[in-house]
Amino acid sequence: MVEVALALGSNQGNRRDLLLHAMHALQEKVGSIVAISAFIETLPVGFISSHPFLNGALVMKTPLPPLELLLVTQEIEKSLGRKKKHRPGESYTDRPIDIDILLYGEEVINQEDPFLQIPHPRMQERDFVLTPLTSISPLAWHPILHSTIKDLQKKIQVSSNNQ
């Protein structure tokens with residue numbers, strides 16, 4: 001069993017219900033939930049929309065290998081109304097559900113097809129990811145940046161305060 005960190009977000013439909021349904025499906029198909037953050041409301045990042053996001057994070061233990069975990073999260077997204085997953089170079093759009101793999105133990109994965117990057121390549125830039133994750137797993141380790149999640153969140157907060 002590997003401990004994984006996932007980020008969840010929704011800015012369409014009944015956001016809270018969609019996040020709860022996603023968590024239930026993850027527990028059924030991925031493994032046991034170790035910790036769940038509170039949900040936070042945030043403005044969209046990377047695109048303009050009048051629909052705010054509800055975001056959260058969870059930590060799970062799973063027997064699934066990384067690629068199978070990716071396929072299961074995409075299947076859950078599709079079952080909850082997601083039409084298309086964002087690919088590098090494409091514009092972000094509103095979506096009923098988004099499930100991102102943030103960390104898979106301390107593994108580093110960089111795969112093109114299917115596209116899978118672990119740790120998530122932009123998590124350290126996103127307070128809407130770091131805030132919920134810090135609340136449940138502050139000492140989780142980012143194996144590329146050699147930093148805890150809590151320290152990454154402090155850096156992003158200092159950076160945003162200096163702007």
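This is a predicted model: local features need pLDDT of at least 70, side-chain atom pairs count only at pLDDT 80 or more; totals for chains, interfaces and linings use all residues.
Which residues on the other side of helix 2 are exposed? They are K78 and S79, where exposed means over 50% relative accessible area, buried under 20% and partly exposed in between, with a 1.4 Å probe and protein chains only.

Residues are numbered from 1 along each chain as its sequence is written, and side-chain values use heavy atoms, with hydrogens and water left out.

**The whole chain**

Starting at the N terminus, the order is β-α-β-β-β-α-β-β-β-α-β-β-α. The radius of gyration is 15 Å, close to the 15 Å that the globule rule gives for 163 residues, so the chain is as compact as a globular protein of that length. That radius is taken over C-alpha atoms, and the rule is 2.2 Å times the number of residues to the power 0.38. Of the 163 residues, 45% count as buried. Among contacts with a separation of 6 or more, 63% come from residues 24 or more positions apart; a contact means heavy atoms within 4.5 Å.

| Helix | Length | First to last C-alpha | Expected span |
|---|---|---|---|
| Helix 1 (residues 15-29) | 15 residues | 21 Å | 21 Å |
| Helix 2 | 14 residues | 20 Å | 20 Å |

In helix 1, the buried residues are L18, L19, A22, M23, A25 and L26. Seen down the axis, they fall within an arc of 165 degrees, so they line one face of helix 1. The arc is that of the directions from the helix axis to the C-beta atoms. Their cover includes strand 1 (2-10), strand 2 (32-36), strand 4 (53-62), helix 2 (66-79) and strand 5 (98-104). Just after helix 1, G31 has a positive phi of about 160 degrees.

Helix 2 buries P66, L69, L70, V72, T73, I76 and E77. These residues cover an arc of only 165 degrees around the axis, which puts them on the same side of helix 2. They pack against strand 1, helix 1, strand 5, strand 6 (109-111) and strand 7 (116-118). Just after helix 2 comes G81, with a positive phi of about 105 degrees.

F47 and F53 form an edge-to-face aromatic pair, 6.2 Å centre to centre with 90 degrees between the planes. Rings of Phe, Tyr and Trp (its six-membered ring) pair if their centres lie within 6.5 Å; planes under 30 degrees apart count as stacked, over 60 as edge-to-face and the rest as tilted. F47 counts as buried at 15% relative accessibility, and F53 is buried at 6%.

S147 sits in strand 9 (residues 147-148) and is buried, at 5% relative accessibility. Leaving out residues up to four places away in sequence, S147 touches A140, W141, H142, L152 and K155.

I156 belongs to helix 4 (residues 149-161) and is buried, with a relative accessible area of 14%. Leaving out residues up to four places away in sequence, I156 touches Q124, E125, R126, D127 and L130.

How values were computed: Helices (H or I, at least four residues) and strands (E, at least two) are DSSP runs, numbered from the N terminus. The expected span of a helix is 1.5 Å times one less than its number of residues.
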